Amino acid sequence: MENENITAVAEGKPSGYKVTKKDLRNANWRWLMSVCTFNYQTQQGASVAYALSPVLRKIYTNDEDYKQALNNHFRYYNTQPWLAAIILGACVAMEERDGLAAADAVQDLKIGTMGPLAGVGDSLLMTMIPTIMGSIAAYMAIEGNPVGAGIWFALILAIFWVRMHALEFGYKQGVKLVTDFSEKLPNLTAASVLGLTVVGCLIASVIGVTCPISFSFGDVSMEIQPLLDKILPAMIPAAITGSAYYLLTKKNASMTALILVVIVLAMVASAAGILA
């Protein structure tokens, strides 16, 4: 029986370990304490891997499976930190049940939800609620009413409670996700495709790079940029983005080094009149 368990784990299957509340609260605490760890390449990815590493170690007793699970989480991730724990809890539930077979679904869930969570979390939890409640509390304090301070303190306690139990809540809902809605998990891929489509639109609308070069032949002049637009609109931004993506994914270039290279090349090309 022991040899069969080792073989199963080595094939990427979970060890059968049942995640406890202590594991979830430990992961939640590690996430809150490390989310300020930030880099240009993976942004919050290092914090995700750090937060989940102890519980993943218990799910995957095989070293290679554990490494693969960590690497799957050590990818680009960036959203509102307080709500992100809900998604991380759901990821734990998915991996507890299906092991590495859930790796793609885990990534689709993270990618498909980090945009909406960022929008809701930043506007609701970071701006609207503190502003409204803070204004009420401040006005009551100015009027000499101590209830204002109590309201603000109660709000802080409520937010703290949510932050401390978010990962556990996500885990419980994640169990429902992989049991009641397991057949619908492939639909999450549509969310990731939508995200990629939005990124593609941003390339053309945000990266404003053109070629100001023009040629003159007697009384006739020809500009390069209109010609490029007829071939492919936003060709230069697409080429720059494609080159950066190739260097990051195929050549394992550092994000920080790539940013510096882009800045230097942009300055040189602009000074030479090649790009504008």
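Visitor: How many helices and strands does the chain have?
Guide: There are 11 helices and 2 strands in the chain. Keep in mind that this is a predicted model.

Visitor: And what order do the elements run in from the N terminus?
Guide: They go α-α-α-α-α-α-α-α-β-β-α-α-α.

Visitor: What share of the residues is buried?
Guide: Of the 276 residues in the chain, 35% are buried.

Visitor: OK, let's switch to H3 and H4. At what angle do their axes cross?
Guide: At roughly 150 degrees, and the axes of H3 (residues 45-59) and H4 (residues 63-73) come within 8 Å. Angles over 145 degrees count as roughly antiparallel, so that is how H3 and H4 sit relative to each other. The crossing is right-handed.

Visitor: Which residues make the contact?
Guide: From H3 you get Gly45, Val48, Ala49, Leu52, Ser53, Leu56 and Arg57, and from H4 it's Asp63, Tyr66, Ala69, Leu70 and His73.

Visitor: How does that split by class?
Guide: The contact of H3 with H4 has 7 nonpolar, 3 polar and 2 charged residues.

Visitor: New topic: where is Gln80?
Guide: Gln80 is in the loop between H4 and helix H5 (81-98).

Visitor: Is Gln80 buried or exposed there, and why?
Guide: Gln80 counts as buried because its relative accessibility is 1%, and the cut-off for buried is under 20%.

Visitor: So what does Gln80 touch?
Guide: Leaving out residues up to four places away in sequence, Gln80 touches Leu117, Ala118, Gly121, Asp122, Leu125 and Met126.

Methods:
Residues numbered from 1 in each chain as written. Predicted model: local features only at pLDDT ≥ 70, side-chain atom pairs only at ≥ 80, totals over all residues. Heavy atoms only, no water. Axes fitted to C-alpha atoms, helices over the stretch in contact; angles between N-to-C directions. Helix = DSSP H or I, 4+ residues; strand = E, 2+ residues; numbered from the N terminus. Parallel < 35°, antiparallel > 145°, perpendicular 65-115°, else oblique. Left-handed = near helix turned anticlockwise from the far one by under 90°. Contact = heavy atoms within 4.5 Å. Nonpolar A, V, L, I, M, F, W, Y, C, P; charged D, E, K, R; others polar. Buried < 20%, exposed > 50% of the residue type's maximum accessible area, 1.4 Å probe, protein only.
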